[in-house]
Amino acid sequence: LGPYAQFVTVGRHVMGADEPEPLGGHDTGASPYEYLLAGLGACTAMTLRMYAARKSWPLEKIAVELRHDKIAAPSGTGKSDRFERVIRLTGALTSEQTSKLLEIANKCPVSQTLQRQSVVLSSIA
């Protein structure tokens with residue numbers, strides 16, 4: 001399917017991954033960063049849905065829009081990642097409930113992973 005196209009198998013799910021055409025791919029699937037953003041968006045929505053359900057809040061719909069950019073690192077050397085997340089909530093929520101849901105969004109597991117330093121261990125089998 002192209003020089004970078006991949007099949008990604010997660011349990012019983014098979015998905016396509018590729019780079020966009022400007023980066024030499026054929027755009028036959030989501031890019032790795034698009035999958036990362038999809039994971040953050042899904043985790044955000046699921047976490048908010050669980051919290052609102054536990055509280056019996058009238059949350060009807062959640063939409064999460066995400067953007068990723070490489071920016072200058074705060075140290076002035078190298079690059080850092082910036083994730084912008086816009087959350088749209090539908091339902092008869094109070095301003096206090098909306099504020100609490102924003103706080104909870106920042107506590108979703110994928111958000112917490114992206115906010116801390118990670119270690120990636122690699123080996124060739």
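First, some ground rules. This is a predicted model, where local features need pLDDT of at least 70 and side-chain atom pairs count only at pLDDT 80 or more, while totals for chains, interfaces and linings use all residues. Numbering runs from 1 along each chain as its sequence is written, and side-chain values use heavy atoms, with hydrogens and water left out.

**The charged network**

Side chains of opposite charge can pair when their charged atoms come close. The structure has seven salt bridges, a salt bridge being a side-chain nitrogen of Lys or Arg within 4 Å of a carboxyl oxygen of Asp or Glu. Among them are these:

| Salt bridge | N to O distance |
|---|---|
| Arg67 and Asp69 | 3.0 Å |
| Asp69 and Arg82 | 3.4 Å |
| Glu84 and Arg82 | 3.5 Å |

Asp69 sits in strand 3 and Arg82 in strand 4 (residues 79-91), so their pairing ties together parts that are 13 residues apart in sequence. Helices (H or I, at least four residues) and strands (E, at least two) are DSSP runs, numbered from the N terminus.

How accessible are the partners? Asp69 counts as buried because its relative accessibility is 17%; buried means under 20% relative accessible area, exposed over 50%, and partly exposed in between (1.4 Å probe, protein chains only). Arg82 is partly exposed at 36%, and Glu84 is partly exposed at 35%. Through shared partners, the salt bridges join Arg67, Asp69, Arg82 and Glu84 into one network.

**A buried threonine**

Now over to helix 1 (residues 32-55), which is where Thr44 lies. With a relative accessibility of 0%, Thr44 counts as buried. What does Thr44 touch, leaving aside its neighbours within four places in sequence? Its contacts (heavy atoms within 4.5 Å) are Val64, Arg85, Ile87, Ala105 and Cys108.

**Two loop residues with positive phi**

Most residues other than glycine have a negative phi. Asp27 isn't a glycine, yet has a positive phi of about 55°. You'll find Asp27 in the loop between strand 2 (13-17) and helix 1, where Asp27 is partly exposed, with a relative accessible area of 47%.

Ser56 isn't a glycine either, and has a positive phi of about 60°. Ser56 belongs to the loop between helix 1 and strand 3 (59-72). Is Ser56 buried or exposed? With a relative accessible area of 64%, Ser56 is exposed.
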